[in-house]
Amino acid sequence: MNASENFSLARAWLRAFNAHDVTALVALYAEDATHTSPKIRVLHPETGGRLVGRPALERWWKDAIARLPGLRYEETALTADGDRVFMEYLRHAPNEAPLPVAEVLEVRGGLIVASRVYHG
């Protein structure tokens, strides 16, 4: 993939997330993709903050949307090359202050193989 294709993938990711279309979101990931996040570590400490595979990702995002029906991400910056995308966005959740987030998507063969979330 080239940087332009990875930009498109990241924008598709943001659109799917903000539409709460978990099926479309998970379809952007490889079957055995990993996702790490401080929020996962807090809510599911037994995972060490890391989920593996589409079914786990689907459960995670369905649960997040059920808990926070107004959850959405506001893109602030995207940087991409042929292997990864660096996304910066503001996380908007009901009754919470906006949270600046950085997320890295590693891409192989047009699918996300790993995503890592960083925030304070």
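Select residues 10-114, the range that the UniProt annotation "domain: SnoaL-like" covers, according to an unreviewed entry. UniProt positions are given here in the numbering used for this structure, feature names are shortened, and annotations may be inferred rather than shown by experiment. Over residues 10-114 the chain is 33% helix and 41% strand, and the end C-alpha atoms are 13 Å apart. Helices (H or I, at least four residues) and strands (E, at least two) are DSSP runs, numbered from the N terminus.

The model is predicted: local features need pLDDT of at least 70 and side-chain atom pairs count only at pLDDT 80 or more, while totals for chains, interfaces and linings use all residues. Residues are numbered from 1 along each chain as its sequence is written, and side-chain values use heavy atoms, with hydrogens and water left out.

Next, select strand β3 (residues 72-80) and strand β4 (residues 84-92), which pair in the antiparallel sense over 8 bridges; two strands pair if DSSP finds at least two bridges between them.

Now display the aromatic side chains. Rings of Phe, Tyr and Trp (its six-membered ring) pair if their centres lie within 6.5 Å; planes under 30 degrees apart count as stacked, over 60 as edge-to-face and the rest as tilted. By this rule there are 7 aromatic pairs. One of them joins Trp13 and Phe17, stacked at 5.7 Å centre to centre with 10° between the planes. Both residues belong to helix α1 (residues 3-18), where, being 4 residues apart, they are separated by about one helical turn. Trp13 is buried at 1% relative accessible area, and Phe17 is buried at 2% (buried means under 20%, exposed over 50%, partly exposed in between, with a 1.4 Å probe and protein chains only).

Move to Tyr29 and Trp61, whose ring centres are 5.5 Å apart with planes at 45°, so this pair is tilted. Tyr29 lies in strand β1 (residues 29-36) and Trp61 in helix α4 (residues 54-67), so the pair ties together parts 32 residues apart in sequence. Tyr29 is buried, at 0%, as is Trp61, at 3%.

Which residues form one aromatic cluster? Select Trp13, Phe17, Tyr29, Trp61, Tyr73 and Tyr89 to display that cluster.

Finally, select Trp60 and Arg67: the charged end of Arg67 sits over the Trp60 ring, 5.8 Å from its centre. This term requires NZ of Lys or CZ of Arg within 6 Å of the ring centre and within 35 degrees of the ring normal.
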